[in-house]
Amino acid sequence: MRDGTLGVAVIGTGRMGSDHVRRIDEVISGARVAAVVDLDGERAKGVAALVDGCAAYTDPAAAMAADDVDAVIIASPGPAHEAALLEAFARDLPVLCEKPLTPDAASALRVVEAETRLGHRRVQVGFMRRFDAEFGQLKAVLDGGGLGRTLMLHCTHRNASTPPGFTSRMTINDSVVHEADVTRWLLGQEITAVTVLRPAPSAAAPEGLSDPQLVLFETSGGAVVDVEIFVNCGFGYQVRCEAVGEHGTARAGDAHGLYVNAAGRWGGEIAQDYVVRFKDAYDREVQAWVDATRRGGVIGPSAWDGYAAAAVCEAGVRAQESGGRTAVTLAERPDLYRAADRS
Ligand code: ISE
């Protein structure tokens, strides 16, 4: 590290990658953006030009080989993650990898096996909800035990609209993957089976996209979790999770914000996308990654968590296709991932 500052290469300069570049440049302490990578070289140059001393690359391996690159953020599309992760492992570089870790369970397991061969954790997966203040409070309430055993979670996951090419499979792999992680994290249990119900699609759903859907998880501790996933709801971005315990309930994500009375109406604004809704969570997530990396440690959701969520999603995609209840198959958890992860 130069002057104790972490030099970060950001791979992928789409919505999330360019937001992380801005975040590291303007918000995060202890790190600088040393390199950006995009297959579209002009786009990479455009983003690099916004940051002092930042180089643009089209090849992730070339960026990782640069002298001033100490760590990597992977924010490229999911299918490109495995190759970038293996390249980072070959150089023993710390990684913050956006979700999904990879798009299917077999490739996610290969990543887990490669990190296990390395012998130490290098990956934090970008499940940013774990860094959201209210989700953190919900976790503390459940861990505190005052609500008794958690019996059910009711989750709502709505996006205003989807980008072109967003498929039904992606509603599970890119969207419901968050609820797979939140369920495992909040309850400290594995998800054992998935069922997907598909009502007649909304007229606003693009041709061929099942939207909305109701996804049901069953967990190893006997809890049941329902997830409304509605990715073209039209009106905004909403993520909520209500836990129902034996002695009470607790709900995160109402995100009321400023309450305004005007023109004969009361109410407030609804965020339009995740970059806005989870801004603070992303800030905390990236700062936590930078701090841990500078100390030589790793915190947060691990590659194992990324794999377990991918296994749930794989069962979810099969349940979507078959209409039936589908069991989740998990490999044995390597010792590397057995230490308790409290973040
Ligand atoms: C997107 O990739 C995200 O991660 C968002 O949090 C999620 O709400 C959205 O559905 C995904 O497409």
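**Note on the ligand site and the chain**

1. The side chain of His157 has an N or O atom 2.6 Å from an oxygen atom of the ligand. Such a pair is a polar contact, meaning N or O atoms within 3.5 Å; within protein, one must be able to donate a hydrogen and the other to accept it, and residues adjacent in sequence count only if both atoms are side-chain atoms. Ser175 also places a polar side-chain atom 2.6 Å from an oxygen atom of the ligand. For His178, the distance from a side-chain N or O atom to an oxygen atom of the ligand is 2.9 Å. Of the 300 Å² of accessible area that the ligand has on its own, the protein covers 89% (Shrake-Rupley method, 1.4 Å probe).

2. This is a predicted model, in which local features need pLDDT of at least 70 and side-chain atom pairs count only at pLDDT 80 or more, while totals for chains, interfaces and linings use all residues. Residues are numbered from 1 along each chain as its sequence is written, and side-chain values use heavy atoms, with hydrogens and water left out.

3. The residues around the ligand are Lys99, Met128, His157, Asn159, Phe166, Asp174, Ser175, His178, Tyr237 and Tyr274; each has a heavy atom within 4 Å of the ligand. By class, this shell holds four nonpolar, four polar and two charged residues. The classes are: nonpolar for Ala, Val, Leu, Ile, Met, Phe, Trp, Tyr, Cys and Pro, charged for Asp, Glu, Lys and Arg, and polar for the others, Gly among them. Helix α7 (residues 168-187) gives the most to the shell, with three residues.

4. The chain has 10 helices and 15 strands. These are DSSP runs numbered from the N terminus (helices H or I, at least four residues; strands E, at least two). The C-alpha atoms fill a box of roughly 55 × 55 × 45 Å along the principal axes.

5. Two cis peptide bonds deserve a look. One joins Lys99 and Pro100, with omega about -10°, and Pro100 lies in the loop between β5 (95-98) and α5 (105-118). Lys99 is also among the residues around the ligand. The other joins Asp211 and Pro212, with omega about 5°; Pro212 is in the loop between β8 (191-197) and β9 (213-219).

6. Asp3 is not a glycine, yet has a positive phi of about 50°. Asp3 is found in the segment before β1 (6-11).
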